[in-house]
Amino acid sequence: MDTALAQTYKPSIEAVKQASERISKVVVHTPLAESFTYSNRFGANIMLKREDLQQVRSYKIRGAYNKISSLPKDQLEKGVICASAGNHAQGVAFACNKLKAKGVIYMPSTTPSQKVAQTKMFGGDWVEVALEGDTFDDSFKNAMIRAGEDDLVFIHPFDDEKVIEGQATIGLEILKQSDEPIDYVFAPLGGGGLLAGVSSVFKELSPKTKIIGIEPEGAPSMSASLKEGKLIELEHIERFVDGAAVQKVGSRNFEICKQNLDQMITIPEGKICQTILDLYNQDAIVVEPAGAMSISVLDFFAEEIKGKNVVCIVSGSNNDITRTAEIKERALLYAGLKHYFVVTFPQRAGALREFLDEVLGPTDDITHFEYSKKHERENGPAVVGIELKDKADFEPLINRMKERNFYGRYLNDTPDLFQFII
């Protein structure tokens, strides 16, 4: 796109108000609800903007509907096309169904099956879903080719003025719903449409509010771009936080966020997983990884936010239950409570009993064990997963393994560990 346009565009309050009116018939004014759990924990007034309660279970319906409903009749009749890791796809599908417009939706083949099923459900007979590529960026390239071939209007998930203005309506709602001045807004960032929109509203109407953007540690595309002062496309990203994992943020969003954000921070995926589990266990709130990011970050601002009014945008709840095992695993690894080793067992009777009695601590638990006896070798390796009750038990465990010659290799830092273990 034209770089000069990206550098000059900023969503006006009037345009955001028009978007709010345009989407009012299909978008829920989601609650801005105090979280007693997190308010008590941090000694602050923590309010959750519950965009997970939208009909499509994420804020993406705002931008998608605002864009598609703004199209001229002749363009709408030709149909639309988009690329999405899931939530934008559902927003586009919902909008197509409501507006009776044909839509083609490209999604990565790695998209959780729950999001694919929801997209098809919301779109009904009005949408075609195509699963192609491993990442959003792969799907984006394929969708752009199809758009040119079939003369379809491309609905960008984040780098589009009408989409940004639709997401910005969240900012207007928050300011109307809060009785007190807001000190901090924490929001997740993938392509940047949400933060570009919300931050623009706050900088105009509540300029003293600090706006904090959060990215997953494995996909820090905005952080890298801000550090370099120009748009950066990451060569490799961790795709676990599928709703916020893009290789390159939007050019418009980069220019806006460069001016508006007070801070960008990255959050480890394991920390995000622990927040998902905490929200479910403590508050019966179901969120997807991207939806947990704004709450995950609070621990990193614990001292700064004491006594403050804080808003966390809970962006979505499209979580696939089949991912629960991996979410638990990542949370335990991040907490230092789950460890994997190659253990060298002497190939003699009683070796395993010795390991259980002399190496494991009284509260240590073996949760994974893979062993194949090799008769021609003195020692036989096994992959062993051990869960601890306290992370302080880790060093004593290592010492006992080494003292008795069981220690082979520590695997937690090994790339692609999960594809072999989960």
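The model is predicted: local features need pLDDT of at least 70, side-chain atom pairs count only at pLDDT 80 or more, and totals for chains, interfaces and linings use all residues. Residues are numbered from 1 along each chain as its sequence is written, and side-chain values use heavy atoms, without hydrogens and water.

Let's start with the domains, whose bounds come from an automatic or database domain assignment.

| Domain | Residues |
|---|---|
| domain 1 | 13-58 + 160-327 |
| domain 2 | 80-151 |
| domain 3 | 337-421 |

Between the centres of domain 1 and domain 3, taken over C-alpha atoms, there are 40 Å.

Now to the inside. The structure has one cavity of 30 Å³ or more (a set of points on a 1 Å grid over the protein atoms alone where a 1.4 Å probe fits but cannot get out). The largest cavity holds about 310 Å³, the space filled by probe spheres set on its points. Its lining counts 27 residues, each with an atom within 4 Å of a point. Tyr59, Lys60, Gly190, Gly243 and Ala244 lie nearest the centre. Helix 10 (193-205) and helix 6 (87-99) each supply at least two lining residues, and helix 10 gives the most, with three. Helices here are DSSP runs (H or I, at least four residues), as are strands (E, at least two).

Helix 16 (351-359) and strand 12 (365-371) each supply at least two of its residues. Leucine 352, found in helix 16, has a relative accessible area of 41%, so it is partly exposed (between the buried limit of under 20% and the exposed limit of over 50%, with a 1.4 Å probe and protein chains only).

Terms used
On a 1 Å grid over the protein atoms alone, a cavity is a set of points where a 1.4 Å probe fits but cannot get out, and a pocket is an open set with protein on both sides within 12 Å along at least five of seven lines; lining residues have an atom within 4 Å of a point.
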